[in-house]
Amino acid sequence: MAEAQRFTVDAFHRGRFHLVQPAERGHRAGLDAMLLAGAVPRAFCGQLADLGAGAGAAGLAVA
């Protein structure tokens, strides 16, 4: 029987943004994605493309 995969719920942006991520295997978003999202100005009003950016955490954080 296949082993059940475990997950963690990780908080970013001082708890305003949460991601459910695999605990042991697979891609996990980290501080680099949140720094990239933080570089977008707060008053940004336009389109954003999150291409080739891992699991898409940066784009989700901006949204």
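Which residues make up the largest nonpolar core?

## The core

The 8 residues are F12, F17, L19, A29, A33, M34, A57 and A58. A nonpolar core here is a set of buried Ala, Val, Leu, Ile, Met, Phe, Trp, Tyr and Cys residues joined through side-chain atoms within 4.5 Å. Two or more of the core residues come from each of β2 (17-22), α1 (31-38) and α2 (57-62); helices (H or I, at least four residues) and strands (E, at least two) are DSSP runs, numbered from the N terminus.

Take F17 and skip its neighbours within four places in sequence: F17 then touches D10, A11, F12, M34, A57, L60 and A61, with contact meaning heavy atoms within 4.5 Å.

## About the model

This is a predicted model: local features need pLDDT of at least 70, side-chain atom pairs count only at pLDDT 80 or more, and totals for chains, interfaces and linings use all residues. Numbering runs from 1 along each chain as its sequence is written, and side-chain values use heavy atoms, with hydrogens and water left out.

## Salt bridges

There are 2 salt bridges, counted when a side-chain nitrogen of Lys or Arg is within 4 Å of a carboxyl oxygen of Asp or Glu. In one, E24 pairs with R6 at 1.9 Å, N to O. E24 sits in the loop between β2 and α1 and R6 in the segment before β1 (7-12), so this pair ties together parts 18 residues apart in sequence. E24 is exposed at 52% relative accessibility, and R6 is exposed with a relative accessible area of 52% (exposed is over 50%, buried under 20%, partly exposed in between; 1.4 Å probe, protein chains only).

R28 and D10 form a salt bridge at 2.9 Å, N to O. Since R28 lies in the loop between β2 and α1 and D10 in strand β1, that pair ties together parts 18 residues apart in sequence. R28 is partly exposed at 34%, while D10 is buried at 18%.
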